[in-house]
Amino acid sequence: MKLLVVGFGQCGCRIADAFARLNGRAHSHRGIEITPGVFAVNTDAADLSGLTAIQSDYQHRILIGGRKTGGHGVGKINELGAEIAREDGDKVIDALRTARRFFESDAFLLVAGAAGGTGSGAISIMTQYIKERYMDKPVYNLIVLPFEHEENTEERTIYNSATCLKSVNSVADAIFLIDNQRYIRKDFSLRNNLAKINTMIVEPFYNLLCAGEEKKPKYIGARILDAGDIIQTLVGWTVIGWGKSPLPVFRFPFLASHNFRKKSTETHKGIHAMDEAISELSLRCNPMDSGRALYLLSAPASEINMDLVKELGDYMKDVASEATLRNGDYPREKGALDITVILSELKDVEKVRKYYTKSATLIDEIKKRREESRSKLRGIDDASKDIPSLL
Ligand SMILES: Nc1nc2c(ncn2[C@@H]2O[C@H](COP(=O)(O)OP(=O)(O)OP(=O)(O)O)[C@@H](O)[C@H]2O)c(=O)[nH]1
Ligand SMILES: [Mg+2]
C-alpha cells in the first residue's frame, strides 16, 4: 500500500519525517516505495528547517499562516491553527498535487499532535478539504495523544485534544490513535527522546505497507495483504501494534521442517509476537470493542506454515471475537518473526471519552473564571470613574 503522508505542526511533521525515513529503508533494502510523497506543514519556520528526511524545498515543507504568526507557531491556540488552515489550505492542496507520483498513492495519511495548536487545529480542516477534492481516496488521520504530565500541568492540553478528536472523527475515514504515554511505560528516559518514540510509532507500518508492494514472486505470501484488505479494515477509531520474536541466526537446513519440536517452538514464537503486539497497542483499549481487525505475519519463508497461521487466527478470534478478521503472510523478514495487528471500528475508547467529559467541565469552569475576571475589571473601572484621563 502506498500512502501520501502529510504532517501538521511540530509533532505531525516529525512523524511524517520518520515515515520518509521508513520509505528510504524500504527503497534501499527492498527496492520498493511505500510513500510516494511526504509533506510537512507548519506555522513555525524553525521547526520545518529542523526536519531531515523530507525534501527541503518549499513545496514539501510548507509554511502556513506566515502573516498571522510571523513564522513562530500559534502558541497552543488550536482555533487559530484551524483558522490558518482555512485560509492557506489551497496552498497545501496545490503542493500535494506536485508530488512526483501523486496518483499512485492508495490513500492519504494526515498526522498531528492533539494537544498543540497548529496540528491540532489544522488537521480536521485539511482532512475535509482533501476529502472534498479527492473523493476516490480514503483519508486517514494519525493523532498523537499527550503525555500524562502535560495533561496535569496545562488545561489547554485536554481542551485541544477533545476538540481535535471530535472534529477529526466527523471527517476522517479512520483515525489511528497513538498515546505518547504508552511509549514511556517501560523506559522513562524516552520522555525526553521524542525521536526514538517517533521511530517506534512508525515501525508497525513498515511490513504492513511493504507486503502488498512486493514484485518478486519469492517474497509474495500465500495470502497477500494488500491495499484493498487494509482499506476494508480501517474505519473510525483505530489502534495499531507490533510484536517481534527473534529467531536463531543459523540453523542446519537438514533439521528443518519435519521436526515436531521445532514446529511447536515456531507456533510458540508466533503467539509470543502476537501477544506482544496486542499488549503494546498504540493506545489501551478493549479488543472486544473492535468491529474489524487485521494481522500480518512477517517471517522467513521457511518459518511460515499452516499450523502457525491457524494458531494465530484462533488466538486473534479469541481476543477480538466481534471483529471481521483479515490476515496475510509476508515471507520477507530475516532472523525474526514479527506480527503487526490493527484493531479498527472500535466502539468505545476510554481515553477519548475522558477527554470529552473532562473538557466539558473545563469549559464551564473557564466561562466562570472569565466572568469573574470581567466583574473584577468592572470594579476597578468603576473606582477610576472620577479620575481625569490624559488621552
Ligand atoms: N510523539 C511525539 N509527540 C510530540 C512530538 N512533538 C510534540 N509532541 C507532542 O505534541 C503535543 C504538542 O503539539 P505540537 O506538535 O508541538 O504543537 P504544534 O502543532 O506545533 O502547535 P503550536 O506549536 O502550538 O503552534 C504535545 O502533546 C507533545 O508531547 C514528537 O516529535 N513526537
Ligand atoms: Mg509548534
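This is a predicted model: local features need pLDDT of at least 70, side-chain atom pairs count only at pLDDT 80 or more; totals for chains, interfaces and linings use all residues.
Residues are numbered from 1 along each chain, chains are lettered from A and ligands numbered from 1 in the order in which they are written, and side-chain values use heavy atoms, leaving out hydrogens and water.

Serine 120 is part of helix α5 (helices are DSSP runs of H or I with at least four residues, strands are runs of E with at least two, numbered from the N terminus). Its relative accessibility is 2%, so serine 120 counts as buried (buried is under 20% relative accessible area, exposed over 50%, partly exposed in between, with a 1.4 Å probe and protein chains only).

Now to the ligand. There are 23 residues around ligand 1, and Cys11, Lys76, Thr118, Gly119 and Asn198 come nearest (near means a heavy atom within 4 Å). By class, that shell holds 9 nonpolar, 11 polar and 3 charged residues (Ala, Val, Leu, Ile, Met, Phe, Trp, Tyr, Cys and Pro are nonpolar, Asp, Glu, Lys and Arg charged, and the others, Gly among them, polar). Helices α1 (9–30), α5 (118–133) and α8 (194–202) each bring at least two residues to it.

| Protein side | Ligand 1 atom | Distance |
|---|---|---|
| Valine 74, polar backbone atom | oxygen | 2.9 Å |
| Glutamate 150, side-chain N or O atom | oxygen | 2.8 Å |
| Asparagine 198, polar side-chain atom | nitrogen | 2.7 Å |

Taken alone, ligand 1 exposes 640 Å², and the protein buries 92% of that (Shrake-Rupley areas, 1.4 Å probe).

Two residues have backbone angles worth a look. Most residues other than glycine have a negative phi. Lysine 76, however, has a positive phi of about 70°; this residue lies in the loop between α3 (66–69) and α4 (78–97), and at 43% relative accessibility it counts as partly exposed. Glutamate 345 also has a positive phi, of about 50°. Glutamate 345 belongs to strand β10 (residues 336–346) and, at 30% relative accessibility, counts as partly exposed.

Terms used
A polar contact is a pair of N or O atoms within 3.5 Å; within protein, one must be able to donate a hydrogen and the other to accept it, and residues adjacent in sequence count only if both atoms are side-chain atoms.
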